[in-house]
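The following paragraphs lead the reader through a structure built from several chains.

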Amino acid sequence: MTREQRRNFFKGMAFLTPWLVGFAVFTAIPIGLSFYYSFCDFALTAPRRAPLWIGLDNYRQLIHDALFWKSLGNTLYYAAMALPAGMLVSLGLALILNANVRGQTVYRAIIFLPSLIPAIASAMLWLWMFNARLGLLNYLLGWIGLPGVNWLGEQWAMPSLALMSLWGVGNTVIIYLAGLQDVPRELLEAAEIDGAGPLRRLVSVTLPILTPVIFFNLIMAIIGTFSILTVPYIMTQGGPNNATYFYTFFNYDQAFKFLHMGYASAIAWIQLAITLVLTGTAFWSAKKWVHYG
Amino acid sequence: MMTAPATTRPLGNRWNAMMVHLGLICVCAGYLLPFIWMCSTSLKAVEQTTEIPPRFVPHPLRTDNYVKVFTHPSFHAVLFARNTLVIAIFTVLGTTLSSAIVAYGFARIPFHGRGILFGIMLATIMIPFPVTMVSVFRIFRWMDAHTARWFGPDNALQMLGTFKPLWLPAWFGSAFSIFLLRQFFMTLPKELSEAAKIDGCSEWGIFWRVILPLTKPVLAVVALFSFMNVWNDFLAPLVYIQRPEQYTLALGLEAFQNKVGGSEWNLLMAASIVVCLPTLILFFLAQRTFIEGIATTGGK
Amino acid sequence: MKFVKPVIFAMLAVVAGVFLILGSRQSASKAPPGFTVVEYWEKWVGPEAAQMQIIVDDFNKTVGRQKKIYVHFMSMTDIDQKTLMATAAGVPPDITGAWDNQIAQFAAIGAVEPMDDLAAAHGITADYYLPVFWNACHYNGHLYALVSTPGTVALIYNKRIFQQCAGQLRAAGLDPDRAPRTIDEFDRYAAVFDSKNPDGQIDRAGFCPVQGWYVPQESFWFGGNLFDPASDRLTLDSPATLHAFQWIQNFSKQLGQQSLMEFQFSLGNFDSPQNPFLVGKLVMQQQGPWMANYIAHLQPSLSEALCPKSEEWKLPDRTANYVWGVAPFPSAVPGQQDVSYNSFDALMIPTGARHKNEAFEFIAYVNRQDVAEKLNTMHSKNLQLRHASEAFLKHHPNPYIAIYQELAASPNAHSVPAIPIWTEVFKELTDAGQAVSVEGVEPLVAVRQAQQRMQAQYDRFHRIETERQRLGIN
């Protein structure tokens with residue numbers, strides 16, 4: 001390195017210091033510790049129950065734990081519903097909110113509003129709305145003459161949560177809107193002159209340019225789906241009969257309800273592994289369909 | 001920068017425009033309905049909340065529900081608001097300051113390994129909270145045990161049992177804010193820094209006196225996002241706060257939910273609205289800055 | 001117009017400032033200077049919390065003032081989790097008011113302190129307590145908890161509906177003037193009360209076990225034990241437990257699985273005037289003595305058939321004023337009488353509590369004969385002590401309190417099994433109840449699965465325990 005390069009290196013690292021320290025203390029070390037703990041049994045009730053090395057026992061037990069598979073299955077079931085629906089709805093909304101009609105500021109604000117509400121408030125609101133006897137949804141269904149649905153019953157609880165997630169797409173829509181600004185008007189006009197209808201213009205011009213944004217939102221959505229905890233915690237407590245027992249809920253219970261800290265670390269590590277695999281797959285597939293520039 | 005929302009070119013005929021309006025109105029009605037329902041329930045008397053069929057316009061209008069929220073035995077609105085504010089202020093200050101400093105390093109100083117470190121920083125966004133939750137808790141506990149040994153229990157450096165675990169990490173940069181600020185810094189022309197350097201300014205000087213003042217709008221966005229995250233956060237307080245007198249508003253709302261059944265839905269909705277109010281007001285005030293803030297930084 | 005935004009911002013800032021100042025003043029403590037402050041966290045909210053506050057105030061004015069102790073009472077939700085997390089964080093309360101379900105689990109993971117010496121020093125011994133509660137407060141031979149309020153579970157039934165259906169009952173060979181005495185009789189009574197309305201929906205059910213709170217404990221009324229200390233094995237697939245789950249499934253077979261589900265979600269909340277027992281949708285229930293308070297609060301007319309409650313002392317038989325009756329819940333084992341499940345609210349001292357001795361002063365106070373009687377009269381519960389004064393039994397809000405007290409003293413009184421993974425077994429058995437009732441799973445399959453999973457957990461717990469003992473890492 002030249003002298004200038006070395007000076008820049010130290011200057012750069014100096015500015016990066018807050019992040020470097022934070023990364024070490026709040027990310028790198030905890031992940032390492034968490035890995036170590038996943039091979040231990042301990043309860044954080046020091047001085048009692050100090051970490052005891054038990055090798056692969058936690059992982060062995062996880063494989064035989066029906067709740068592990070159930071919570072994993074639940075999370076994947078939710079992702080299978082909420083991810084595609086969320087992507088479609090948010091993209092669709094962004095497209096329609098991008099149209100040149102008056103009052104777009106108001107419309108956009110309304111769509112964005114639900115994402116401002118604290119998760120706990122919206123969880124309670126929807127708990128109320130989904131109530132089989134007293135809730136708004138069954139009341140509206142009754143108006144049209146359809147029978148009420150047991151929204152939070154065992155069969156429908158997960159789909160209901162996926163439905164509820166569509167209410168909070170505001171964040172994603174805003175990002176799509178920002179991305180849509182980058183679609184050059186000239187290209188669209190040229191396509192129209194060439195005789196392309198609105199659908200063709202969408203598929204051939206807009207979407208390809210939008211692919212980086214779609215990719216970004218996909219990654220965020222995957223991460224979000226696997227981090228979901230507040231809503232089921234408040235609304236259903238994981239029930240009924242574990243129908244909404246998400247993976248993060250399983251982790252939280254084992255850590256803070258039963259104080260099986262080692263077991264919880266193993267659970268968390270598997271979650272990390274799954275998240276890495278999923279985002280890795282997304283990155284790999286990105287080469288096929290994401291067009292930069 | 002923008003006075004009207006950027007859109008596609010004007011629609012050809014009025015019929016198209018009307019269809020779009022109709023679609024938008026339907027969708028927005030769907031999105032607004034829960035809000036309206038929330039407000040309606042918040043003004044009902046308890047007996048009316050369990051009425052079948054439920055009605056939209058409460059009669060009588062019980063605005064005293066809002067008074068009851070503030071005098072509820074389990075929901076100490078003023079205390080919880082104060083707690084949330086304390087955490088919010090420290091978090092927002094920490095986030096904006098530290099993220100700006102780190103982002104400057106990533107954006108304006110070319111050095112070896114910068115790209116890799118930036119990639120690692122972005123990757124940390126993907127780490128789910130539960131993975132580090134237990135270990136961070138243990139690290140705090142370890143720190144507390146040691147400071148207690150040297151300075152006695154209840155000393156100023158104690159982490160657990162105070163608000164510090166909630167706002168201290170913010171002082172080390174927030175990945176999302178760093179990202180936003182870095183994107184913005186990269187759009188500023190190099191000539192600015194070079195001119196300042198010729199004038200004999202140190203790197204820190206350039207940062208503090210030249211670049212930062214230009215960043216006010218983006219800083220505002222970062223501050224706003226940061227504030228709203230803290231205001232609405234439920235999980236971190238759930239893990240780190242146990243004593244009722246330290247509850248934040250989000251935690252406090254749980255007090256209205258009677259798990260044995262018979263929740264006071266009207267008070268719950270009223271309290272929820274009270275808790276949402278600051279973020280809603282802030283959003284309406286800063287709406288344009290908000291949306292533009294993400295657009296100008298590219299969002300990619 | 002340009003000034004609007006800055007003005008609103010300024011107003012927000014002012015409001016924020018006001019909240020900051022007002023809020024900071026609110027959190028000051030009310031303890032007299034120089035007193036040891038004992039932090040007491042309790043699960044109750046509402047009236048029950050207010051009643052415990054009265055006891056706390058009494059303590060602070062008498063024993064507290066004498067010994068310079070001030071008890072700071074805080075009521076909160078999710079007490080078990082909050083206590084565990086606070087203990088893990090190193091900032092636990094001095095007293096935690098959790099449930100009986102937590103005692104073994106907390107003790108097993110070292111989250112609570114033993115109290116043997118303190119109890120002995122205060123004269124609280126096995127002779128003072130009823131055996132069922134005394135044993136349940138122990139784990140591994142040590143005392144880890146004491147009782148604040150017990151709650152014995154018995155059969156509560158709607159006398160009015162019994163009389164309304166007198167003809168049908170007599171036709172079935174049953175006596176409408178008394179409660180069922182065996183499980184077979186009970187099932188036949190319940191069948192008489194089941195009724196559907198014209199479109200096939202259930203209108204009223206005699207009994208609905210999965211609606212109740214004691215699914216994991218049903219086995220006790222069938223002669224089961226859930227845990228055998230001698231062989232140190234769980235017995236979740238014993239014939240008794242199997243019989244209990246078959247019995248649970250019979251109700252959904254009788255009423256129809258789908259109809260039962262719809263019936264269940266049409267029922268009102270426990271703590272509301274639409275409580276299913278109070279509105280006559282469920283005729284018989286397993287419940288505790290606290291029902292007297294809930295009925296008095298939500299549907300007082302059920303306790304005032306002849307005259308207002310304040311006048312009923314003048315009646316020769318107080319119970320005649322009540323439309324509801326209480327009896328021991330029948331047992332399935334021939335000849336076995338007075339079987340009950342005895343739940344209770346426990347007071348424990350978390351590990352790392354700052355003021356253990358002072359905390360115990362309050363716990364001992366709550367267990368003093370007169371104080372325990374006062375608290376349990378307010379809460380409408382029975383007593384954990386062997387001796388109950390005449391005044392307690394006579395002036396209790398629940399006219400049947402003597403029945404509860406006898407049940408708690410009977411040799412067939414059961415309480416929480418001392419299983420360190422009890423909370424997980426509890427969840428497992430509750431899920432099994434749902435499975436056989438709502439999903440139609442075969443009871444044999446359900447209990448075998450529960451036994452297998454829970455025994456595996458229990459064995460694993462033992463393995464780790466032994467390893468810890470061997471290495472001396474406690």
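A crossing of two helices is called left-handed if the near helix is turned anticlockwise from the far one by less than a right angle, and right-handed if clockwise. This is a predicted model, in which local features need pLDDT of at least 70 and side-chain atom pairs count only at pLDDT 80 or more, while totals for chains, interfaces and linings use all residues. Residues are numbered from 1 along each chain as its sequence is written, and chains are lettered from A and ligands numbered from 1 in the order in which they are written.

Chain A contains 13 helices and two strands; helices (H or I, at least four residues) and strands (E, at least two) are DSSP runs, numbered from the N terminus. Helix α3 (residues 66–97) and helix α10 (residues 198–226) of chain A pack at an angle of about 145°, and their axes are 10 Å apart. Axes here are lines fitted to C-alpha atoms, for helices over the stretch in contact, and angles run from 0 to 180 degrees between N-to-C directions. The crossing of α3(A) and α10(A) is right-handed. Residues are in contact if their C-beta atoms, placed from the backbone, lie within 7 Å. In α3(A), residues including A:Tyr78, A:Ala82 and A:Met87 take part, and they meet a set in α10(A) that includes A:Leu218 and A:Phe226. The residues of this contact of α3(A) with α10(A) comprise eight nonpolar, four polar and no charged. In this classification Ala, Val, Leu, Ile, Met, Phe, Trp, Tyr, Cys and Pro are nonpolar, Asp, Glu, Lys and Arg are charged, and the others, Gly among them, are polar.

A second pair in chain A is formed by helix α1 (residues 3–37) and helix α13 (residues 261–289), whose axes come within 8 Å and cross at roughly 115°. The crossing of α1(A) and α13(A) is left-handed. Here A:Ser34, A:Phe35 and A:Tyr37 of α1(A) meet residues of α13(A), among them A:Met261 and A:Trp269.

As a whole, chain A has a radius of gyration of 24 Å, whereas a compact globule of 293 residues would have one near 19 Å. That radius is taken over C-alpha atoms, and the globule rule is 2.2 Å times the number of residues to the power 0.38. The C-alpha trace of chain A spans about 75 × 75 × 30 Å along its principal axes.

Chain B has 14 helices and zero strands. Of its 300 residues, 44% count as buried, a residue being buried if 20 or more other C-beta atoms lie within 10 Å of its own, exposed if 12 or fewer, and partly exposed in between, with C-beta atoms placed from the backbone.

How do the chains meet? In chain B, 82 residues are in contact with 82 residues of chain A. Helix α1(B) gives the most to the side of chain B that touches chain A, with 14 residues. By class, that side has 56 nonpolar, 19 polar and seven charged residues. Between chains A and C, 22 residues of chain A are in contact with 22 residues of chain C. On this side of chain A, α2 (57–64) and α12 (247–257) each supply at least two residues.

The largest nonpolar core has 263 residues, and those that touch the most other members include A:Met124, B:Leu253 and C:Met348. Such a core is a set of buried Ala, Val, Leu, Ile, Met, Phe, Trp, Tyr and Cys residues joined through C-beta atoms within 7 Å.

Conventions:
Two residues are in contact if their C-beta atoms, placed from the backbone, lie within 7 Å.
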